[in-house]
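Hi,

Here's the structure I promised to pass on. Have a look at it first, and then read on for what turned up.

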Amino acid sequence: MIELLQQYWRPFLYSDGQHITGLAMTLWLLSASIFIGFLVSIPLSIARVSPKRRIRWPVEFYTYLFRGTPLYIQLLICYTGIYSLEAVREQPLLNSFFRDAMNCTILAFALNTCAYTTEIFSGAIRSMNHGEVEAAKAYGLSGWKLYAYVIMPSALRRSLPYYSNEVILMLHSTTVAFTATIPDILKIARDANSATYMTFQSFGIAAIIYLTITFTLVGLFRLAERRWLAFLGPAH
Amino acid sequence: MFDNLLQILGLSAFSLKGFGPILLQGTWMTVQLSILSLLVSVLLGLLGASAKLSSFSLLRIPAQLYTTLIRGVPDLVLMLLIFYSLQTWLSTLTDAMDWDYIEIDPFAAGVITLGFIYGAYFTETFRGAILAVPRGQLEAATAYGLTRAQRFRFVTFPQMMRFALPGIGNNWMVILKATALVSIIGLADLVKAAQDAGKSTYQLFYFLVLAALIYLLITSASNYVLRWLERRYAAGAREAVR
């Protein structure tokens, strides 16, 4: 166990000497996909609640597709599937994008988390208090100002507990990245396992690292909720 | 026959190239694995929830540990950990007891592993649902002289199901999608079948998309069943809105 740690602590945490690996890689995958997913999901969630069908339906279809299929298949399609198409390989721009495992992985992860986040945010928008929106309209706010100043700040706050869940699920989902040759924590654990045959210890270390990240994220989100959801707490 | 039909329709690009039976077998494997894991995890969830709500700390603390640890670690990590360790542990046990070598069947190991992982999620679902049943109901049942088993069977269970169903549905979808990962530990499920078919015909994209569509079909069908169940278990519940 000690030798295993001595030999592998560096790759487990940040680098194997050539590439960024382990914890650093997992955190990078997580933050990149969560960041892209968050940015894209805001306009999509507004479109998702649009009264116009031709705006609402494409978004609905997108979330239906990505929430109804496993992330592993989505990653496989992005990483091996698309690149197996001749049309993609012939196009220089697409070729260089999809040849890189990192691009494919982040693309698949971002698309996946964006679908879930869109549903969370649109649910929060739909559960807006009618009075609040009517008051804002009565004050003359309309169009994007209504969304920017009243609806989105409130909806984003109220979706915080669900959003924290999604972030943790995404952390757990990043483990499939090793199938696309990305050296994340699990990839290092598998390498350690196949080199030393210490199965329980190798995967156990990975489990402890993931557990630590999960608890840290839960703690951070609890702090965020105390700050931004204070208005939902008991009156003082 | 199917391929001939496609040829007549001019759709031979969509032919399964003879991989239809393998894909079907893979799909069946995925469905079997999901349903059996669901059963194991529901059972563990009910046990876990009772342990967590028990007044004995000897039961409560292990159950608490189980749900926190399992839910904090990614399912794939646990899957690899348990799947590979299970055999080692069993071999150590058989060696120590001087028994014959027992080899675990990968399918059984997959079911046990998935069931054990999602049992933790079900524990939380059922715990919340049991707590949502009004106390007065249980007190009334006790006052009528129902035994503990009767109280659970006739009072707690039918009422908690209504609160548990959305959670059960959610967990079912997660289990179904998690079974896609078993191909990583070497089970011949739908993903594996699609990958094999795609690699040998050089049409990986087509077969992967096909596998995704099959998953979509299963999730859509389960959505439909779940909505029906929710209506059924909501019988007698009044809703203020709508």
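Let's start with a pair of helices from two chains: the axes of helix α4 (residues 71-81) of chain A and α9 of chain B come within 9 Å and cross at roughly 170 degrees. Axes here are lines fitted to C-alpha atoms, for helices over the stretch in contact, and angles run from 0 to 180 degrees between N-to-C directions. Angles under 35 degrees count as roughly parallel, over 145 as roughly antiparallel, 65 to 115 as roughly perpendicular and the rest as oblique, so α4(A) and α9(B) are roughly antiparallel to each other. On the α4(A) side, the contact is made by A:I73, A:L76, A:I77, A:T80 and A:G81. From α9(B) come B:L204, B:F205, B:L208, B:V209, B:A211, B:A212 and B:Y215. By class, that contact has ten nonpolar residues, two polar and no charged. (Ala, Val, Leu, Ile, Met, Phe, Trp, Tyr, Cys and Pro count as nonpolar, Asp, Glu, Lys and Arg as charged, and the others, Gly among them, as polar.)

A few ground rules before we go on. This is a predicted model, where local features need pLDDT of at least 70 and side-chain atom pairs count only at pLDDT 80 or more, while totals for chains, interfaces and linings use all residues. Residues are numbered from 1 along each chain as its sequence is written, and chains are lettered from A and ligands numbered from 1 in the order in which they are written. Helices (H or I, at least four residues) and strands (E, at least two) are DSSP runs, numbered from the N terminus.

Now the wider meeting of the chains. How many residues of chain B are in contact with chain A? The count is 29 residues of chain B against 28 residues of chain A, where two residues are in contact if their C-beta atoms, placed from the backbone, lie within 7 Å. On the side of chain B that touches chain A, α3 (57-72), α4 (75-97) and α9 (204-233) of chain B each supply at least two residues. The largest share, ten residues, comes from α9(B). That side of chain B divides into 22 nonpolar residues, five polar and two charged.

Next, the nonpolar core, meaning a set of buried Ala, Val, Leu, Ile, Met, Phe, Trp, Tyr and Cys residues joined through C-beta atoms within 7 Å. A residue is buried if 20 or more other C-beta atoms lie within 10 Å of its own, exposed if 12 or fewer, and partly exposed in between, with C-beta atoms placed from the backbone. The largest core has 112 residues, and those with the most contacts inside it are A:I73, A:A206, B:V77 and B:A211. Helix α7 (residues 101-126) of chain A gives the largest share of this core, 13 residues. Not counting residues up to four places away in sequence, B:A211 touches A:I73, B:L190, B:V191 and B:A194.

Chain B itself has nine helices and zero strands. Of its 242 residues, 36% count as buried. Among the contacts in chain B with a separation of 6 or more, 72% are between residues 24 or more positions apart.

Within chain B, helix α2 (residues 20-52) and α3(B) pack at an angle of about 130 degrees, with their axes 7 Å apart. That makes α2(B) oblique to α3(B). Here B:G48, B:A51 and B:K52 in α2(B) meet B:L59, B:R60, B:A63, B:Q64, B:Y66 and B:T67 in α3(B). This contact has four nonpolar, three polar and two charged residues.

Is A:I168 buried or exposed? A:I168, found in helix α10 of chain A, is buried, with 20 other C-beta atoms within 10 Å. Leaving aside its neighbours within four places in sequence, A:I168 is in contact with A:T214 and A:L217. The C-alpha atoms of A:I168 and A:L217 are separated by 7.3 Å, although the two are 49 residues apart along the chain. A:T181, in the loop between α10 (160-173) and α11 (185-196) of chain A, counts as exposed, with 11 C-beta neighbours inside 10 Å. Phi of A:T181 is near 60 degrees, a positive value in a residue other than glycine. As for helix α8 (residues 130-138) of chain A, zero of its nine residues are buried, so it lies largely in the open.

Cheers
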